[in-house]
Structure formats: C-alpha cells, structure tokens
Amino acid sequence: MSDTDEPQSVESAGEETDVASVPDPDGPAAAAEDPGPSEDGEQPGQTGEDGEQQGQEVSDTEEQEEDGEEQGQWEEDREEQGQWEEDGEEQGQREEDGEQEGQREEDAEEQEQGAEGPDEEGLPKEQDDSAERPKDSPVSNTTSLPPQKRITINSEKYPLNLRWALGISRTLPVFSLVDEERLEIAYGCANVAVIYDHSSNSQHIFQGHYNPISCLCASEDRRWLVTADIGPDSLVLIWETHSGFPVQTLFGCHPEGGVSAMALSRDVKYLVTVGAAEIQRVCIWDWTNETEGPVCVTELQPEFGCQNYIIFHPQDNSQIVSNSESQIVFYTWDKGELDYYTPKLSDKTFNRQVGSLSQSIFSTEGVQAFSATTLGNAVVWDVVQESSSWVNVQRIALKLIPLQKHTITVLTCTDNFVVTGNGAGHVTFYDHHFKLIKWYDKFDLDSITSISFSKETNSKVGYLDSILNDGKPSLIRNFVLSTASAAVVHVNTAVEELQRVLKEQSLALHAVACHPTLPVVAMGSHCGTLRAWDYLSKGPVCSRVFHKEREIQCLAYDPKGFYLAVGFTCGTVCIVDAIDLQNKPEEHFRCAHDGITHIAFSRSSHYLATADTGKAVTLYQLCPRDGRLVWDYRWRHRYHYEPIQDLLFGEYPGSPRTMLLSLGADRRLVEYDLKNSGEDELRVLGTTRVEQSATPTCMAWYPPLASDHFLLTAATNYKMKMLTSTKTCRKTVLGPAHNAPVQKMAVLPSSPDRDPSAQYLVYVAGNKLGVQILPVDGNPYKYSALICHPTGIASLACSCDGKYVFTCGGSDCTACCWELNLK
C-alpha cells in the first residue's frame with residue numbers, strides 16, 4: 001500500500017498526548033463483555049448451579065422415602081421428567097411432600113429473575129425491571145422460543161401483493177445476517193425493509209410504513225430489527241427477523257415530524273429515538289413493556305444542530321452519545337430523568353482543523369468515547385474527573401488523532417477493535433489506543449456508508465490470528481459493506497476476497513417498461529444505467545451504461561418486441577435492440593435540447609413519437625435504406641402551450657391507418673394527420689377541448705366492451721370521461737377518489753388465468769397504486785389501492801401476461817414488482 005493511503009497510527013502523531021497516560025479506573029475487568037441473556041432465556045453459569053441443587057434434592061428425597069413401593073413410583077415419575085436432569089432446570093417434579101415442591105418452584109423463580117447477575121467492576125448496575133415486566137410482553141413471549149420460519153402473506157387475500165423490491169436506501173445502514181449456511185442482509189428500500197437471501201435469491205419484505213424509512217437499527221444477535229420513518233403519522237416498528245412479523249408498534253412517538261436517529265441497547269430492553277423537528281426530542285422507550293409513552297424525554301436546542309446519529313454504551317444503558325456535524329451530546333439517564341452535557345469542540349481546541357463530526361461511539365475498555373471527522377481525524381473524549389458514579393458525567397476533548405487522509409464516514413466497534421470506513425472505500429482496524437492493526441484498501445469501492453459484522457463467532461465466518469499485543473488469537477469477523485453508489489458487498493477476511501451481494505440504482509429512477517412477449521422489464525435511472533431484469537427468475541438479463549447522456553427519463557418497447565426506445569432529459573432519443581440493449585450510430589437522435597417526457601410506439605411498430613418539456617411532439621419512422629430498415633427523423637410540431645400530459649397511438653375503427661393523439665394541460669386533445677403530412681411539416685387533423693375547468697392528466701384506450709371504440713381520459717377533478725371516435729363525450733363518471741387524482745393509467749392485458757370477459761384498469765394516484773374493475777361506472781366499491789412509493793410514483797408498466805405491475809418511485813431510486821390477484 002502506498003504511503004498516501006496508509007492509515008496513521010498513534011505513534012505517527014508524536015506531538016499528541018499518549019492515550020496510555022490516561023488512567024483507567026475500571027481496570028481490566030471493565031473490558032470484559034457482559035454475555036447477557038441468551039436467546040432461550042437461560043443465564044450463563046446457571047446450569048451447573050441448578051445441577052448441584054438437583055443432586056441435593058434427589059438425596060433429600062431418597063432419605064425421606066421409606067416405603068419401597070413409593071420409591072419405585074417416584075423413580076417412574078422421575079423418568080417421565082428426564083428433561084429435568086438434562087437441562088439442569090427445575091420443572092416442578094411431582095413430590096409427595098407439597099411443601100418441598102413449593103419451595104423448589106420459588107427457588108426457580110428467583111433464579112430466573114437473576115438475569116443480570118453481578119455487574120462488572122467499576123460500572124453501575126443496570127436497571128432491572130424484570131419484576132415489573134408483564135408476562136405477555138413481546139420479548140418475554142418470543143425470546144424464549146426457538147427461531148420460527150418466516151411466514152409469507154397469503155396473496156389470495158389482497159388484489160396487489162409486493163413480490164420484489166428493487167433498490168436500496170443509500171442513507172440507511174445495511175446489516176449482516178450471515179451465518180455458515182446462508183448470506184443474508186437487511187436493508188431499507190423506500191417505505192419497506194427487506195431481508196435478502198443472496199444464497200437462494202429470495203426476499204422477505206417488511207411492510208407497514210406510510211412514509212419513507214429514515215432510520216434502521218438491529219440488535220447484536222440480529223433477531224430484532226427496528227424501522228422508523230419521517231413525515232406525518234410516523235411509526236416505529238420492531239420486527240422479529242426469524243418470523244418476519246412486527247412485535248411492537250410505537251404510534252406517534254415523534255408527531256412533530258418523525259425520527260432522525262435511533263438505537264437499541266445491547267440487552268435489547270430499551271430503544272432511544274431522536275425526533276426530526278427543529279427542536280429535537282430525545283426519548284427512551286421500554287418497548288418490552290406494554291406501557292404508553294417513553295420512560296424519559298429531553299429536548300435539544302436548535303444550536304446543537306440536527307443530531308443524526310445516536311448509540312448506547314455497550315455496557316451501561318444509562319450512558320448514550322449522539323452527534324450532529326458540529327456538536328456531540330453525552331446523555332445520562334438516571335431515575336427517569338435524562339440529562340445531557342454538550343462539550344465544546346472547535347478548531348481552537350487543538351489549534352488545528354477538526355472537521356465535521358460523522359459518527360461517535362463509546363469505548364468498550366474504560367470510560368472514553370471516540371468521534372470520527374470528515375478530515376480523517378479521531379477525537380478522544382474522556383471524563384473530567386475520575387468518579388465511581390456515572391451520574392452527571394462530563395467529558396472533554398482530550399486529544400485529536402490524525403488517522404487518515406480521507407473522510408471517515410463510518411466508525412464502529414467489534415470485539416477488541418475500533419473499525420473505520422472512509423470516503424475512498426477503505427476499511428481499517430485499530431485497537432482501542434488507535435494503534436493500526438489491519439486495513440483493507442484494494443476493494444475498488446467508493447465511499448462506505450455502513451459496516452456490519454457477522455453475528456457468528458466461529459472461525460468459519462472470520463479470520464483467526466494473533467494480531468494483538470496480548471498474543472491471544474483474535475477473530476476478525478467477516479463483514480458486509482454498503483457504499484454511496486448503492487452497492488453491497490461481503491468481505492471474507494480470511495482470504496481477503498470480496499463478493500458482490502447487491503448493486504442497485506444510485507440516482508433517481510423514473511423509467512420502467514415491460515417487454516411485450518418476454519418476462520423482462522427494463523429500468524433506466526438518472527445515473528445512466530439501463531438494465532433488463534427477468535421478473536420470473538428474479539435475475540438480471542443485461543445492462544448498459546450511457547456515459548454521455550446519463551439521465552434516462554422514459555422507456556418504451558415496440559409492440560413486436562424488437563426495439564427499446566430510450567428518452568433522456570437532455571433531449572436525446574436512442575433506439576436500442578431489445579435483447580442486448582445496443583444500438584447503431586444512426587439510431588441516436590437529438591432534435592432539441594428539451595427533455596423527453598413521453599415516448600410511444602405505434603401498434604405496427606413503424607412509428608415512434610416523443611413529447612418533450614418544450615411542449616412539442618416529434619415523430620420518427622422506420623424506413624428502408626440500403627436493403628434494411630432504419631429509424632429516421634420525420635416531423636416535429638408544437639401545438640400545445642402547456643405541458644403535454646400524455647401521448648398515445650391508435651388505429652381508426654375499421655381501418656389500419658395509424659392515429660396519433662397528444663393530451664395537454666391546456667385541456668386540448670390534438671389529433672395529428674400522419675397520412676397527409678408533408679416532408680417538413682406534421683399536420684394537425686383536429687383538436688378537441690376535453691375539459692372546461694379541470695386539467696386532464698392521462699388517457700388510455702378503453703377495452704372493446706361494446707361495439708364502439710372509446711378513449712378514456714382522467715382529470716384533476718377526480719372525473720373520468722369516455723370519448724367516442726368523433727371525440728364527443730359519451731359518459732362522465734366519478735373516478736377513484738384518493739389523496740390525489742389519477743395521474744397514470746393502463747388497461748391490464750388479458751391473462752389465461754382470468755375470465756376473458758373480465759377487464760381491469762391499473763392506475764396511479766399520487767403515492768398509491770390501484771386496480772379498478774371495468775366498466776367504469778363511478779362505483780366506489782370497484783377499485784382498491786395501496787401505498788406504493790411514499791414520495792410519488794414516476795412510471796407504471798404492466799407485464800405481457802397481465803399478472804404483474806411494475807412501478808418506479810423517481811427520487812427514492814426504487815422500483816417495485818406487484819403481483820395481481822383478481823380472482
């Protein structure tokens with residue numbers, strides 16, 4: 001590794017104060033981790049004591065038994081309860097003496113309540129509220145049970161079922177659920193959380209949020225996953241990852257705007273949340289109890305900045321730290337009150353530039369805390385005075401250590417290491433004195449946004465080596481990285497190999513289109529990536545990156561499935577092959593600098609029309625040239641004086657002639673004369689005013705349910721109109737009434753699994769995707785919708801077999817695959 005990239009250890013900063021000079025009042029005992037309760041509810045070290053007590057009980061019982069027949073009966077009962085001796089637990093063995101049995105049950109209850117045991121030296125004893133916790137608590141009911149198989153929602157109950165979520169929220173962390181058998185990760189995607197199994201290429205989706213998920217955290221054993229959103233009616237949901245079901249919901253915990261940061265305590269008893277309002281509320285929740293409201297609350301002033309990261313002390317739940325870009329806050333929770341202390345830190349503190357704070361953690365050895373900055377520095381925080389009490393602890397910035405030359409984006413702890421990830425894609429391991437231990441710098445990644453280590457501790461999921469000064473073998477676990485470019489990779493530390501788990505779109509996703517004959521959907525984003533995806537096998541087909549034009553705005557397949565038209569925000573139109581996504585140089589057009597908003601093929605695949613932000617319609621035609629067919633630019637016409645809302649090809653009744661229609665926000669429906677247009681002019685055949693006061697939003701050809709052919713239009717007044725072939729209004733009905741009018745709609749293709757006489761309309765209304773039974777008649781019980789993308793739906797496409805609907809969310813960089821159940 002070159003000198004410019006090599007992280008600097010403490011020895012390289014000789015002018016700084018040595019960390020070893022700071023006394024550690026806790027001593028070595030404080031460095032030991034509290035094992036905590038296991039998943040099945042047993043406590044470490046309890047089995048041996050119970051076994052000794054069992055032996056004493058057995059001997060006492062044998063002395064009391066004088067009758068041989070009664071003794072034989074007692075042994076038969078004991079054989080029936082053989083699990084009593086194997087598990088070392090008191091199971092209420094049947095005894096003749098009722099007083100002895102009652103005493104044993106009382107002893108067992110005392111042993112079960114002694115979960116915490118003696119605390120480590122120098123640390124306060126954690127608050128034990130197990131006696132107050134009800135027996136029907138979510139944790140008490142589930143942590144003692146073995147992991148359950150994930151349950152899939154019955155798709156026959158709902159008309160729309162989310163089958164796959166494409167995309168990842170880049171600002172949220174990704175958690176590793178890796179074990180010896182499978183490679184699983186948990187991440188956020190718009191308003192859902194996803195557990196993706198890379199080994200089986202399957203997803204389990206957690207649905208329940210109305211707003212975009214803003215925070216995601218997990219317990220140390222990865223059994224509990226917590227999601228929170230930001231916006232009106234925000235929620236906090238605690239999920240059990242083994243079953244995939246929520247066990248607790250916190251309604252309105254931050255009604256002022258949602259949650260900006262949160263964390264679980266290591267023992268999973270408490271959850272701390274930070275509000276997203278200008279005056280941030282910090283709340284601690286005892287979510288395992290059925291109590292309303294937080295245990296304690298405090299408010300932070302706006303001058304502290306937006307606190308966007310928070311974490312518990314790994315050994316003491318009463319200590320919490322959070323930070324914004326400019327201010328760190330230390331909290332002390334005692335007797336239902338949450339106090340905080342805000343030490344000062346600026347460039348004058350150490351007479352050098354510090355940088356903005358990124359993340360902060362507590363040291364697992366002693367009382368220190370660490371913060372990472374955007375200038376590659378580490379700030380060491382220590383207590384002002386040595387004290388045996390943790391109440392009102394005050395810390396100061398003790399030293400500033402220059403670690404790296406790149407921005408430190410991630411700071412975390414694992415086992416005996418402090419781990420950082422930086423803006424250059426490097427991962428570095430230090431000990432707790434910031435002595436360099438190991439680094440990974442050859443991954444060829446961009447800025448790292450999260451690091452999550454394997455929950456397993458055996459050598460099969462890590463690298464075992466004596467790399468610390470104590471000479472004891474230390475395990476560097478395998479870990480999962482997520483990057484700013486929406487990539488997730490798994491790192492095998494033993495062989496230093498990187499395995500790509502996920503690669504999604506990193507910028508806005510506005511375009512989606514389905515192949516007319518194959519189970520393939522195409523998606524294009526503003527990062528220039530065009531990808532074809534097989535929605536049956538859930539795998540990629542091919543992809544292409546446009547480096548020059550980049551921002552893809554709309555897509556369309558031709559009805560025969562030979563071509564895929566791509567429209568860009570710069571005004572370029574590119575017609576590529578539908579299979580390999582490549583194109584010839586002459587099939588690359590740029591007729592204007594206005595961004596393409598709509599693109600459509602004629603039913604014969606001979607014409608291609610586009611609409612742009614310049615309110616103009618451009619037409620291309622497939623023409624013979626040199627013995628082959630090539631696309632050529634024909635006409636461009638601007639009639640609308642308001643943005644074009646929709647563009648549609650059709651055919652005249654009883655004739656194969658092609659019809660082209662455009663619908664504008666100026667309430668005009670324009671029909672173009674393709675037959676009589678000259679070489680340099682696209683003629684207008686006629687115009688119709690379709691609305692008087694409302695603004696039309698979209699249109700679609702009504703399915704042939706009657707002898708006449710109708711054009712269906714939707715408007716902002718929640719009305720739908722049926723226009724005849726002469727553009728006269730036959731009927732006006734009430735459309736779906738949601739929080740927004742219908743903005744996009746499409747008639748669902750027929751499916752062999754459905755009644756051929758049944759027709760359905762899929763539509764987009766704000767952030768909702770809906771299905772309506774045709775014919776339209778204003779009946780409010782003939783449509784159903786659900787929240788699809790919380791920030792709005794940018795595009796809609798139906799599969800060729802009518803079984804799936806695909807949507808993309810635009811700014812949330814995600815796409816969703818919805819399975820239809822219309823039985």
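## The E23–E24 hairpin

Strands E23 and E24 form a hairpin with four residues between them, and in the turn glycine 425 has a positive phi of about 85 degrees. Strands here are DSSP runs of at least two residues, numbered from the N terminus, and two of them pair if DSSP finds at least two bridges between them. E23 pairs with strand E24 (residues 427–430) in the antiparallel sense over four bridges. Valine 419 has phenylalanine 429 in E24 as its bridge partner.

This is a predicted model, in which local features need pLDDT of at least 70 and side-chain atom pairs count only at pLDDT 80 or more, while totals for chains, interfaces and linings use all residues. Residues are numbered from 1 along each chain as its sequence is written, and side-chain values use heavy atoms, with hydrogens and water left out.

Six of the six residues of strand E23 (residues 417–422) are buried, so the strand is largely enclosed by the rest of the structure. Buried means under 20% relative accessible area, exposed over 50%, and partly exposed in between (1.4 Å probe, protein chains only). Phe417, Val419 and Gly421 point one way from E23, and Val418, Thr420 and Asn422 point the other way.

Strand E22 (residues 408–414) also pairs with E23, in the antiparallel sense over six bridges. Valine 410 stands opposite glycine 421. The hairpin of E22 and E23 has two residues between the strands, and aspartate 415 takes a positive phi near 50 degrees.

## The E10–E13 sheet

Four strands form an open antiparallel sheet in the order E10-E11-E12-E13. The edge strands, E10 (259–264) and E13 (296–300), each pair on one side only. Strand E12 (residues 280–285) pairs with E13 over five bridges, and arginine 281 has glutamate 299 in E13 as its bridge partner.

## Aromatic pairs

Rings of Phe, Tyr and Trp (its six-membered ring) pair if their centres lie within 6.5 Å; planes under 30 degrees apart count as stacked, over 60 as edge-to-face and the rest as tilted. By this rule there are 25 aromatic pairs. The rings of phenylalanine 304 and tyrosine 340 have centres 5.9 Å apart and planes at 80 degrees, so this pair is edge-to-face. Phenylalanine 304 lies in the loop between E13 and strand E14 (309–312), and tyrosine 340 lies in strand E17 (residues 337–341), 36 residues apart. Phenylalanine 304 counts as buried at 13% relative accessibility, whereas tyrosine 340 counts as partly exposed at 29%.

Phenylalanine 417 and phenylalanine 429 form an edge-to-face pair, 5.8 Å centre to centre with 85 degrees between the planes.
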